[in-house]
Amino acid sequence: MNAMADGMSLYERDQRALSKMSFLRFFPLAVTGGEGAWLIGDDGRRLLDFSASWGAAALGHSHPAVREAVNRALASQAGASHLSSANLPAVELAERLLEIVPKRARGRVWLGHSGSDANETVARAVIAATGRRRIISYKGAYHGGTSGSMAISGHPVQQGVPKASGLTLITYPNAYREGGMEAAGAAALAELEALFAGPVPPDEVGALFLEPIQSDGGMVVPPDGYFRAIEALCREHGILLVSDEVKVGLGRTGRLNAFEHLGIEPDIVVFGKGLGGGLPVSAAVGPEAILNHAAAFSFQTVHGNPVSAAAGCAVLDTIRNERLVRNAAEVGAHLRAQLERLKQKHALIGDVRGRGLAIGVELVTDLAGKAPAKTEAALTVYRAFELGLVLYYVGVNSNVLEFTPPLTLTRDEADAGVELLDQALTDVIAGRVDVGVLSAFAGW
């Protein structure tokens, strides 16, 4: 054993050896294994995972289909990249992705490592290919953690990061905080129309980036009809619609593509997180004129890695073969109903919203004023961890509990998780969780 590790817990070793620049920690979780919707902690505990590593472990942990696909790809590895040679898994993954997007997006597939590099590539390619220098995105939007993806994001956690010179951030309609669905949608649409009539000439806008559910911004579900109106505006002015499906796509919402709930057809679709079933792979799918703009335009050495691409193919096959879109819809509806029941019990819960297995529970200190319960959210996820449940909080006010469990989640597992959350909320409300436990965990 390494002398440095002698007598130290796994989490202590992690803290001593790894850079905190990539940490987003809420409690001292250290994992040695996992299966399905369960993680195994270094203390031997089994923890029910309602996050799935922010949705990346879409099929749960150690799914047999992913293991088998990865083992086959490694048994006779077809190189490590598609930069300078074609490989079968990368080609097959691209072909399958072209089959699941709208006709207008069936041009080419760009493969990357994460939603971050995919969104950055799309933004760069749109500007270069169209000659339009402006991009529209939403306040609260999180499109990634690279310089280029942060430059087109609007999440407050990235306030200190330089934004793209042509970026315009607009309001994502939030029914809970803006007077209901109709009022929120109308106000947000009027805001964009006013911008087009004034400081943001629409013929200078290359693309509008949207999230079908604004996930890191607080699991905000848009009003019905809002994005159809946005689509009509974009079509009128030749603006490309980019649907960021990274966290909420590929079955999570109870539809294969989350944009299907909106009644729109995006020009470009971005996939990530769950596409690899826990392995690093992302994709941008869109018109040839954009995604075939130029060779060697956006690449990293192991883009198109055959092992990661094989995992991606296995994920798509498993979503279909195990009917996980239906499972997400049915178990998600059951989970949301159980969370609504908790709302009736705990005054700390202001709103429950979501689609399928993409759900947010917003915590507030008073139901009338809707003041964000940021500290209570942090204490709740910490106490839930102590009890055996893993989930995190998101939102522009850091007060929304986020539920993105594996698509394989069962009703019994959903019920077990809600029972643990119920106890965590009870303990927080009763003051049984010391706020001092949060001192080592910055969270969002």
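**Pockets and a cavity: a tour**

Start by selecting α1 (10-17) and α4 (115-130), each of which gives at least two residues to the lining of the largest pocket. The model is a predicted one. Next, select S22, L24, S53, W54 and K273; of the 50 residues that line the largest pocket, these lie nearest its centre. The space around them, in the largest pocket, comes to about 1500 Å³. Colour the lining of this pocket by class: 26 residues are nonpolar, 16 polar and eight charged.

Then move to the second largest pocket, which holds about 470 Å³ of space. Its lining has 22 residues, and W110, L291, N292, A294 and S298 are the closest to its centre. To see which elements contribute, show α3 (88-99), β4 (108-112), α4 and α8 (288-291), each with at least two residues in the lining of the second largest pocket. Keep β4 highlighted: four residues from this strand form the largest share of that lining. Coloured by class, the lining of the second largest pocket shows 14 nonpolar, seven polar and one charged residues.

Over the whole structure, one cavity of 30 Å³ or more is found. The largest cavity contains about 90 Å³ of space. Select V246, K247, G249, L250 and G274, the closest to its centre among the 15 residues of its lining. Eight of the residues lining the largest cavity are nonpolar, four are polar and three are charged.

Definitions and conventions: Residues are numbered from 1 along each chain as its sequence is written. This is a predicted model: local features need pLDDT of at least 70, side-chain atom pairs count only at pLDDT 80 or more; totals for chains, interfaces and linings use all residues. Side-chain values use heavy atoms; hydrogens and water are left out. On a 1 Å grid over the protein atoms alone, a cavity is a set of points where a 1.4 Å probe fits but cannot get out, and a pocket is an open set with protein on both sides within 12 Å along at least five of seven lines; lining residues have an atom within 4 Å of a point. Grid points are joined across faces, edges and corners, and a volume is the space filled by probe spheres set on the points. Ala, Val, Leu, Ile, Met, Phe, Trp, Tyr, Cys and Pro count as nonpolar, Asp, Glu, Lys and Arg as charged, and the others, Gly among them, as polar.
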